[in-house]
Amino acid sequence: MNRTSYDAIVTDWERARVALSDAERRILALLCEGLGPGSTILDLGCGTGRPVAEHLVARGFRLTGVDQSPKMLDVAQRLLPEQEWILGSLETFTPHRTYDAAVAWDSLFHIPRAEHEGILRRVRAALPVGGRLALTVGGSDHSAFTDTMFGHEFFYDSHPPKVVEALLESLGFELVHCEFLDLPTSERDKGRYALVAAHDSRPTNPG
């Protein structure tokens with residue numbers, strides 16, 4: 001569903017999603033803390049590459065973006081042709097190299113929550129000790145649902161924030177920073193929660 005819908009709204013999305021909020025800039029700065037020029041970042045659910053990948057590349061980092069929407073990736077390739085773009089679903093993508101950091105911004109909550117542990121486990125395996133992951137999840141406890149954006153239907157699902165925090169810690173991440181970007185309301189907004197976590201050196205049980 002989401003692949004078809006993102007393909008359909010690519011023009012509207014490209015016009016609407018052009019800049020980071022102050023909070024997003026601050027969280028991405030935490031993600032990149034200690035990284036030198038040329039460091040590599042894995043962007044899971046990169047979309048058009050704007051604004052997240054564009055911001056990271058402007059800071060001198062090398063980026064590999066993964067997305068299931070070919071039309072979104074066409075835009076990313078046009079905007080940032082020197083970066084690596086991979087067409088694939090996050091549910092099945094397995095990194096075959098190590099990255100200095102990773103980001104999954106507004107992408108994980110488009111995937112059934114049963115898949116989240118496997119995705120996060122694979123990301124952790126692709127990071128060095130101390131390597132950081134920045135991600136967003138839903139901001140409340142709710143069932144999977146669909147909603148519309150630019151006239152097209154999208155699927156959403158997410159563990160609530162405290163469950164995500166516990167999941168990350170169980171997988172061998174140390175929480176660095178957590179905050180609400182959007183508080184949940186009594187209406188349609190389920191909230192949006194951001195986390196930065198670092199690959200801990202503790203061994204974990206294989207999944």
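1. Let me start with Arg-78, which is exposed in this predicted model; the relative accessible area is 52%. Since the cut-off for exposed is over 50%, Arg-78 falls in that class with its 52%. The residue belongs to helix α5, residues 70–79.

2. Staying with α5, which of its residues are buried? They are Met-72, Leu-73, Val-75 and Ala-76. Viewed down the axis of α5, these buried residues fall within an arc of 155 degrees, so they line one face of the helix. Asp-74 and Arg-78 sit on the other side of α5 and are exposed. The cover over the buried residues of α5 includes two helices, α1 (2–8) and α2 (10–16), together with the strands β2 (62–67) and β3 (84–87).

3. Cys-46 is worth a look next. You will find Cys-46 in the loop between β1 and α4. Its relative accessibility is 9%, so Cys-46 counts as buried, the cut-off being under 20%. Beyond its neighbours within four places in sequence, Cys-46 is in contact with Gly-65, Val-66, Asp-67, Leu-73 and Trp-85. One of these, Leu-73, is also among the buried residues of α5. Phe-180 is 134 residues from Cys-46 along the chain, and the C-alpha atoms of the two are separated by 21 Å.

4. The loop between β1 (40–44) and α4 also holds Pro-51. Please check the peptide bond that joins Arg-50 and Pro-51: this bond is cis, with omega at about 10 degrees.

5. Now for helix α3, which spans residues 22–31. Here Ala-23, Glu-24, Ile-27, Leu-28, Leu-30 and Leu-31 are buried. Down the axis of α3, the buried residues fall within an arc of 150 degrees, so one face of the helix is lined by them. Which elements are included in what covers the buried residues of α3? Among them are helix α4 (52–58) and the strands β4 (101–104), β5 (132–138), β8 (173–182) and β9 (192–199).

6. Helix α7, residues 161–170, can be read in a similar manner. Its buried residues are Pro-161, Val-164, Glu-165, Leu-167 and Leu-168. They cover an arc of only 165 degrees around the axis, which puts them on the same side of α7. The cover for these buried residues includes α6, β5, β8 and β9. After α7 comes Gly-172, which has a positive phi near 100 degrees.

7. Strands β6 (residues 145–149) and β7 (residues 152–156) run antiparallel and are joined by five bridges. Within this pairing, Phe-145 stands opposite Tyr-156 in β7. Two residues lie between the strands of the hairpin.

8. Phe-150 is partly exposed, with a relative accessible area of 40%. Asp-106 is another non-glycine residue with a positive phi, in this case of about 55 degrees. The loop that holds Asp-106 runs between β4 and α6 (116–125).

9. How many cavities of 30 Å³ or more does a search of the whole structure find? The search finds one, and the largest cavity has a volume of about 50 Å³. The elements giving two or more residues to the lining of this cavity are β1 and α6, and α6 supplies the largest share, three residues.

10. The residues that line the largest cavity are Leu-42, Leu-44, Leu-90, Phe-93, Pro-95, Ile-119, Arg-122 and Val-123. By class, the lining has seven nonpolar residues, no polar ones and one charged residue. Arg-122 is among the lining residues, and since Arg counts as charged, Arg-122 is the one to look at if you are curious about that charged member.

Notes: Residues numbered from 1 in each chain as written. Predicted model: local features only at pLDDT ≥ 70, side-chain atom pairs only at ≥ 80, totals over all residues. Heavy atoms only, no water. Buried < 20%, exposed > 50% of the residue type's maximum accessible area, 1.4 Å probe, protein only. Helix = DSSP H or I, 4+ residues; strand = E, 2+ residues; numbered from the N terminus. Arc of directions from axis to C-beta. Contact = heavy atoms within 4.5 Å. Pairing = 2+ DSSP bridges. 1 Å grid on protein atoms, 1.4 Å probe; cavity = no way out; pocket = protein on both sides within 12 Å on 5 of 7 lines; lining within 4 Å. Points joined across faces, edges and corners; volume = space filled by probe spheres on them.
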